[in-house]
Every structure is written in structure tokens, then in C-alpha cells.
Amino acid sequence: MASQELAQKLQRRLQLEESGAAAEGEAEAVKGAAVAGEVEDRSCLTASAGAELSAKLCRRQDINEGAAQPRRAAVFNPYTEFKEFSRRQIKDMERMFRLYDSGRDGYIDLMELKLMMEKLGAPQTHLGLKNMIKEVDEDFDGKLSFREFLLIFHKAAAGELEEDSGLLTLAKLSEIDVSIEGVKGAKNFFEAKAQALSSASKFEAEIKAEQDERKREEEERKHRRAAFRELKSAFTQ
């Protein structure tokens, strides 16, 4: 009798252990499925939200491995793009641009253009100023970059501006000699000039002239310093 009870107890215990193990296994399976689902959801979100970042990282890896070439931003060179103007003319235009770029941000906005036209003695209405910018505003940002500022003189010299254009007035009153002959004659003038002088020889001559001018200024400074030293020594004796 006692042995039979003991056998029943052992059997009962084995059943409990087996059922507990099964329940634990089922719980682990449920937990694993939940974790897998969470990971899957998270990876989907990561793939969706970080697609752009992933593309950038992949491109950076390709560049590092030599499989792709880095994109280089186009550098604006006024001397090669606006070959109809000499170096001195472009420097004069740059000096004028910086003079009225009071914000020192590399742009002339509406208010700065307003001040420029007032200083030139040709004030414009608000609408007139907006139309001036619109004529050369290639990137539609509502202000003038230095390249767009040069376009004013390019269009004026090429006869592409109307007689009543505010930009043509700006170019004429700027005191920058770009040989504007009016709407009709300017284009033929620059065609003749282009045939008479090649760009290479023109730039070489201008660069040499600039170098000679710098040498001359340096010599003058040396002479002034020497004269000052002589004067100083005369007073100290």
C-alpha cells in the first residue's frame, strides 16, 4: 500500500515537471516570437527612416573603396566664364559688389540694391527693384550673387537689356568701363574685340601688368621706409 502511494506520488511529480517544462517552452516560444516581431518592426522603421542616411553611408563606403568618385561642387571662375571682360574690369565689378553687400553675406538683396540705385542717382520703385533682380536671378532666391551681378554687365554689353531696364541704367551709371555701346552696337563690338585679342594673351598681359604694379608699389614702400630711417637717424644724432 505504501509502495503504491509512493509510486503514485512519483508519477504525479513527473507529470507536473513535464507540464511545467511544456508551459515554460511555450512561454519561451511566445517571447521569442514577440522579440522577433519587435526586431522586424524596428528594422522596417530603420529602413524607412534611415534610407537617405544609408544611401549616404553606402556612397561614402564606395568612395573609400575606390568604387565611386566624390562629387565636386562647380567652382565659379569669373575670368573664364566672362571672357569678354578684362581682369581689371571684373575686379572693379567685384569691388562695387562688395561695397554694396553691406550684410557681407555674398549677396545683394532688395534693400541693398535699393541703396545702390539711390547712390547712383537712379532710385527705383519697389516693383522696379524686384524686376531688376528677376531679370538675372537664375536660382530664384530673390537676391543677387556675384555671378548674377556680372550677368548684368554681360547682358548690357551684349545688348540683351531693354532701353528702359533698370539693370541697363545700373550698368551705365556704375562708372565701370565695359564699353557699353547701347542695345544695338554692343554685340558687334565684342565680336570684333574677341577676334582682335585671344583670351590667353589678354590674360597673360593683364597678369604681368598686375605683377609689375605690385613690384612698383613694393619699391615705393622700400624707398619710403629708407627715407623714414634716414630722417629718424638724423633726429637721434
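Visitor: Keep in mind I'm new to this one. What makes Phe-153 count as buried or exposed?

Guide: This is a predicted model, by the way. The relative accessible area of Phe-153 is 0%, and buried means under 20%, so Phe-153 is buried.

Visitor: Why are Phe-149 and Phe-153 separated by about one helical turn?

Guide: Because they are four residues apart in helix α7.

Visitor: How many aromatic pairs are there by that rule?

Guide: The count comes to five. Another of them is Phe-97 with Phe-149: the centres are 5.5 Å apart, with the planes at 55°. Stacked needs under 30 degrees and edge-to-face over 60, so Phe-97 and Phe-149 make a tilted pair.

Visitor: Which parts of the chain does that pair link?

Guide: Distant ones: Phe-97 is in helix α4 (residues 87–100) and Phe-149 in helix α7 (residues 146–157), 52 residues apart. Phe-97 has a relative accessible area of 5%, against a limit of under 20%, so Phe-97 is buried. Phe-97, Phe-149 and Phe-153 belong to one aromatic cluster, along with Phe-76, Phe-82 and Phe-146.

Visitor: What makes you say that a charge sits over the ring of Tyr-79?

Guide: The charged end of Arg-87 is 4.5 Å from the centre of that ring, and the distance limit is 6 Å. Lys-143 has its charged end over the ring of Tyr-107, 4.4 Å from the centre.

Visitor: Which residues have the most contacts inside the largest nonpolar core?

Guide: That core has 34 residues, and those with the most contacts include Phe-149, Phe-153 and Met-116. Helix α7 gives the most to this core, with eight residues.

Visitor: What does Met-116 touch, leaving aside its neighbours within four places in sequence?

Guide: Met-116 is in contact with Met-96, Tyr-100, Ile-108, Phe-149 and Leu-170.

Key:
Residues are numbered from 1 along each chain as its sequence is written. This is a predicted model: local features need pLDDT of at least 70, side-chain atom pairs count only at pLDDT 80 or more; totals for chains, interfaces and linings use all residues. Side-chain values use heavy atoms; hydrogens and water are left out. Rings of Phe, Tyr and Trp (its six-membered ring) pair if their centres lie within 6.5 Å; planes under 30 degrees apart count as stacked, over 60 as edge-to-face and the rest as tilted. Helices (H or I, at least four residues) and strands (E, at least two) are DSSP runs, numbered from the N terminus. Buried means under 20% relative accessible area, exposed over 50%, partly exposed in between (1.4 Å probe, protein chains only). A charge sits over a ring if NZ of Lys or CZ of Arg is within 6 Å of the ring centre and within 35 degrees of the ring normal. A nonpolar core is a set of buried Ala, Val, Leu, Ile, Met, Phe, Trp, Tyr and Cys residues joined through side-chain atoms within 4.5 Å. Contact means heavy atoms within 4.5 Å.
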